[in-house]
Amino acid sequence: TLLWLYKQVLELPFRQPYENVNRWFVTCVSQPQFKAILGDLKLCEKMAQFDAKKFAENQPKKESSKKEKTPKEEKKAEKKEEKKPVLEEELDEYEQTLAAEPKFKDPFAHLTISPFIMDEFKRKYSNEDTLKVALPHFWEHFDKDGWSIWYAEYRFPEELAQTFMSCNLITGMFQRLDKLRKNAFASVILFGTNNNSSISGIWVFRGQELAFPLCSDWQVDYESYTWRKLEPESEECKTLVKEYFTWEGDFKHVGKAFNQGKVFK
């Protein structure tokens, strides 16, 4: 866990190079669920130093050797001994936090059953030709009343530097949305080159609204993107879905060459 590192070790000069990790950690501990367990967390101002003298003082002292008991005395002592109740192991701070978390409830439970089965499409997309099989299956079975299609674009392209770091940005978002996988699909693409790139993608969600506000765990990254709902029957939507799902096309709205893509499924 990073908790004790940020509380006792990572002083300001040490943690300055890790801006993204710092922002993620501060965002997490600022959430009400974290504050309920940890309270107001103060970040380390000065790195803790090892004190050998204090460490030695806190160590349990060795018990002085006792006079050996005779077999008769040992037998009497055994009779007097009472079985002590086995105490449950104390939970550490991390385990207490996990135990206190409420069980995950399905944020989509209020929606009616949709005839569009996302898992079937994902199997087609993963195992068969995207253009000839997966896309026709998608449009043939897509339920526009039960699902919605969105175009997303990263708000801060000027902050994107090395392309591998930009890819990590996409992958990190996908990892934090793990519990959303059953009710969403996305193809996100990095365009351009080092220090001149952009990120955008097509997302498909259960329901007619953005899914992120339904769960606090899903809200870490989505505000870094602009979101525009697409009309499934429009030519724009069909073109964008085709280009982003196949990673091929003109991408006229981008103005940069395809670099690499990531799929959330």
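**Entry 1: Cys28**

I began with Cys28, which is buried because its relative accessible area is 14% (buried means under 20% relative accessible area, exposed over 50%, partly exposed in between, with a 1.4 Å probe and protein chains only). I found Cys28 in helix H3; helices (H or I, at least four residues) and strands (E, at least two) are DSSP runs, numbered from the N terminus. I then looked along the chain and noted that Cys28 and Val220 are 192 residues apart, while their C-alpha atoms are separated by 8.4 Å.

**Entry 2: Basis of the notes**

I recorded that this is a predicted model, in which local features need pLDDT of at least 70, side-chain atom pairs count only at pLDDT 80 or more, and totals for chains, interfaces and linings use all residues. Residues are numbered from 1 along each chain as its sequence is written, and side-chain values use heavy atoms, with hydrogens and water left out.

**Entry 3: The whole protein**

I counted 11 helices and five strands in the protein. Of its 265 residues, 32% are buried. I also looked up contacts (heavy atoms within 4.5 Å): among those with a separation of 6 or more, 73% join residues 24 or more positions apart.

**Entry 4: The second largest pocket**

I turned to open space; a pocket is an open set of points on a 1 Å grid over the protein atoms alone, with protein on both sides within 12 Å along at least five of seven lines, whereas a cavity is a set of points where a 1.4 Å probe fits but cannot get out, and lining residues have an atom within 4 Å of a point. The second largest pocket has a volume of about 880 Å³ (the space filled by probe spheres set on the points, which are joined across faces, edges and corners). I listed 25 lining residues, of which Asn20, Arg23, Tyr154, Leu169 and Asp221 lie nearest the centre of this pocket. Helix H3 (19-29) and helix H10 (163-176) each supply at least two residues of this lining.

Where does the second largest pocket lie? It lies between domain 1 (2-38) and domain 2 (118-264), because both give residues to its lining; the domain bounds come from an automatic or database domain assignment. I sorted the lining into 12 nonpolar, seven polar and six charged residues (Ala, Val, Leu, Ile, Met, Phe, Trp, Tyr, Cys and Pro count as nonpolar, Asp, Glu, Lys and Arg as charged, and the others, Gly among them, as polar).

**Entry 5: The cavity**

I found one cavity of 30 Å³ or more. Ala152, Ile170, Met173, Phe174, Val188, Trp203, Tyr225 and Trp227 line the largest cavity. H10 and strand S4 (225-230) are the elements that give two or more residues to this lining, and H10 has the largest share, with three. The lining holds eight nonpolar residues, with no polar and no charged ones.

**Entry 6: The nonpolar cores**

I looked next for nonpolar cores (sets of buried Ala, Val, Leu, Ile, Met, Phe, Trp, Tyr and Cys residues joined through side-chain atoms within 4.5 Å). The largest has 27 residues, and Leu180, Trp203, Phe205, Phe212 and Trp227 have the most contacts inside it. A second, separate core has 24 residues, including Tyr125, Phe142, Tyr151 and Ile202. Not counting residues up to four places away in sequence, Trp227 touches Trp150, Tyr151, Ala152, Met173, Trp203, Phe205, Leu210, Phe212 and Tyr222.

**Entry 7: Thr163**

Thr163 counts as buried because its relative accessibility is 16%.
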